[in-house]
Amino acid sequence: MTQKIAEDSVVWLTQDGYDQLKSELEHLKGPARAEITQRISEARDEGDLKENGGYHAAKDEQGKIEARIRQLEDMLRRARVGETPKAGGKIEPGMKVSITFAGDDDVETFLLGSRELLALDASVDIDVYSPQSPLGAAILGKKKGDKATYEAPNGKPVTVQIVAAEPFTG
């Protein structure tokens, strides 16, 4: 029986992003795990564990590796892989969107997608809004030139106009 993933917990990924996460997971579960296990074993063979810095450092690193493995498995379990959006179409996850707020000429540009995408490439320097966020949900399916209104955390309505929307290329 397949468990339905709650829409607000979906991690939107491109095929490339999914493949990168999968590759990292395979490395951590294979070579990285084997290496840290070997280091722990060698440090344990040195004797007294209370004052064995190498042992404690290896155990700490093992904990970090295991935590990252759990995080990756969770993200991949919740992943929804999609094609790169097409230019000029409706706004969907994976698009770089530029908006202006009503009464303000400043343009704000962001990526509509999963915040986990930022972890895949440290050179990406753009804000990310989830499709499930109030702003993300309001603009989803809109096109350049459309207006959208959403409720701010203070309960007041906020209107934005979409200035541009194009596939995010990194």
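This report covers confidence, then the sheet, then its strand pairs.

## Confidence

The model is predicted. Mean pLDDT for the protein is 82. A score of at least 70 is reached by 82% of the residues. Strand β6, residues 147-151, has the highest confidence, at 95. Helix α3, residues 117-120, has the lowest, at a mean of 58.

Residues 1-8 have pLDDT below 50. Beyond near neighbours in sequence, this stretch has seven contacts in the model.

## The sheet

Five strands form an open sheet. Their order is β5-β4-β3-β7-β6, and the pairing is mixed. β5 (127-129) and β6 stand at the edges. Each has a single partner strand, so one side of each is left without a neighbour in the sheet. Neighbouring strands are turned by 45 degrees against each other on average, direction ignored.

Strands of a sheet pair through backbone hydrogen bonds, either parallel or antiparallel.

## β3 with β7

β3 spans residues 95-101, and β7 spans residues 157-167. The two pair in the antiparallel sense over seven bridges. Ile-99 stands opposite Ile-162 in β7. Thr-100 stands opposite Gln-161 in β7.

## β6 with β7

β7 also runs antiparallel to β6, joined by five bridges. Here Glu-151 is opposite Pro-157 of β7.

What sits between the strands of this hairpin? Five residues lie between β6 and β7. In this hairpin, Gly-155 takes a positive phi near 90 degrees.

Methods:
Residues numbered from 1 in each chain as written. Predicted model: local features only at pLDDT ≥ 70, side-chain atom pairs only at ≥ 80, totals over all residues. Heavy atoms only, no water. pLDDT = per-residue confidence, 0-100. Helix = DSSP H or I, 4+ residues; strand = E, 2+ residues; numbered from the N terminus. Contact = heavy atoms within 4.5 Å. Pairing = 2+ DSSP bridges. Axes fitted to C-alpha atoms, helices over the stretch in contact; angles between N-to-C directions.
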